[in-house]
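The tour below goes from one selection to the next.

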Amino acid sequence: MNAETGHSALQEAAKRNLWLHFTRHSGFADADIPMIVRGEGQYVYDQHGKRYLDGLAGLFVSQIGHGRADVAEAGARQGAELAYFPLWSYAHPRAVELAERLAGYAPGDLNRVFFTTSGSEAVESAWKLAKQYFKLTGQPGKYKVLSRHIAYHGTSLGALAVTGLPAIKMPFEPLPPGGVRVPNTNFYRAPSFVAHDVTAFGAWAADEIEQAILREGPESVAAVYLEPVQNSGGCFPAPPGYFQRVREICDTYGVLMVSDEVICAFGRLGHIFGCDRYDYVPDIITFAKGITSGYSPMGGMMVSDRLMEPYQKDQHTFLHGITFAGHPVSCAVALANLDVFEKEALLDNVRSNEGAFRATLEKLYDLPIVGDVRGDGYFYGIELVKDKATRETFDDNESERLLRGYLSHALFDAGLICRADDRGDPVIQLSPPLTCTQEHFDEIEQILRDVLTQAWSHV
Ligand SMILES: Cc1ncc(COP(=O)(O)O)c(C=O)c1O
């Protein structure tokens, strides 16, 4: 079988047997499914040998970049030594070493690590931990969770109940009860009475959390979930003072603050944990993705000593577990990944280059379709607008033609992997490997400039 025959057999099998996630399969009736076959550094290659700059780090995952044999080999060595053993009543050395190392990085007294295999499981585990914690400590009515409009916190039913995107929830309702929405921190779309002042906007958005707690009844609210920078909607950093005010509110009403760092931990914002960048200490941090840079799957949560305390008394047990959580291979890979962070000073790389990344993307402001460039670290959203002066957005049909009819394919064809998304207003999202430097920023900007310049004719 020659190479081309092999490629088309793979295409046919993919169309016949593989179910892609969050993907409209009808879109591939007359088109090939993109087939990525290998990666090296900041780039991946398709089955025809074409190269793409991975401007999304896979899916906010590949922090150290692709093709690192040293990290892959750490997994292989662990597999040969001890491929699997559960964390149900047993420990194994790599899980212990990783937990100790993560506790060393985490702020405050977040010294306890509960591993999962994914971000959704981490989000859901935090909710279960909170519910049982309050039952153990004499507040059994506390079960509700607050989260922000348009925020994505995962797809399993519990995590979906925390998610703030009605369209991806509707088909699966009824969901577990208790999810309550509060405003997000999209300053570009701030209500007019606070649109002039970012700090006032942040104070209003935080105070809305207090209002929601009072409305629901503090005795019923267990936790509030916040990302350091909200991904869905297109990278909303929080205004100055926002997290500090939320911390105060949580302390006042005995509500747990969960920092969902499935994207924002492990260097995305120039720190191991995103909360450090904005100087707040949550009660729980949920993480996944970048902890292994994708060389093996893993998620988890960092938990404060205070929350662990009741679980250590009497006959109490956190009645929750996952077979593959804290998998030895994933732990070994995570340790090797964190070694790369240290040896190659990746946090420093992000901190010293993030200004250049922002400045390079901001050059795109000269295009009429670019309304807002926002984000922090190596994590940016570019909001596309119909009218820059009025900030008018595209209607559903226009957005459909623009994003799915044109941008997604055009950016990929031009050699850039990023995300054109309209779960909120239309945005392009960027989250490149943390090893990127100016040459990659320039390549991203150039491709975006070419493709966005053509975009008008496709609306
Ligand atoms: C903030 C946040 N939480 C949770 C999740 C769910 O993670 P996973 O896809 O690993 O289940 C994601 C995934 O992108 C996320 O961005």
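Which residues surround the ligand? Select S118, G119, S120, V123, Y152, H153, G154, E227, D260, V262, I263 and K289; a residue belongs to this set if one of its heavy atoms lies within 4 Å of the ligand. This is a predicted model, in which local features need pLDDT of at least 70 and side-chain atom pairs count only at pLDDT 80 or more, while totals for chains, interfaces and linings use all residues. Residues are numbered from 1 along each chain as its sequence is written, and side-chain values use heavy atoms, with hydrogens and water left out.

Colour the shell by residue class: four are nonpolar, five polar and three charged. Here Ala, Val, Leu, Ile, Met, Phe, Trp, Tyr, Cys and Pro count as nonpolar, Asp, Glu, Lys and Arg as charged, and the others, Gly among them, as polar. Helix 5 (residues 119-136) supplies the largest share of the shell, three residues. Helices (H or I, at least four residues) and strands (E, at least two) are DSSP runs numbered from the N terminus.

A polar backbone atom of G119 is 2.8 Å from a ligand oxygen. At D260, a side-chain N or O atom is 2.8 Å from a ligand nitrogen. At K289, a side-chain N or O atom is 3.0 Å from a ligand oxygen. The ligand taken alone exposes 390 Å², of which the protein buries 84%; these areas come from the Shrake-Rupley method with a 1.4 Å probe.

Now move to strand 1 (residues 36-40) and strand 2, which pair in the antiparallel sense over four bridges; two strands pair if DSSP finds at least two bridges between them. R38 has Y45 of strand 2 as its bridge partner. Two residues separate these strands in a hairpin, and G41 in the turn has a positive phi of about 60°.

Y43 stands opposite L53 in strand 3. In this second hairpin, with four residues between the strands, G49 takes a positive phi near 90°.

Is strand 2 (residues 43-46) covered on one face or both? Both faces are covered: Y43 and Y45 on one side, and V44 and D46 on the other, are all buried, meaning under 20% relative accessible area.

Note on methods
Polar contact = N/O pair within 3.5 Å; in protein donor to acceptor, adjacent residues only side chain to side chain. Buried < 20%, exposed > 50% of the residue type's maximum accessible area, 1.4 Å probe, protein only.
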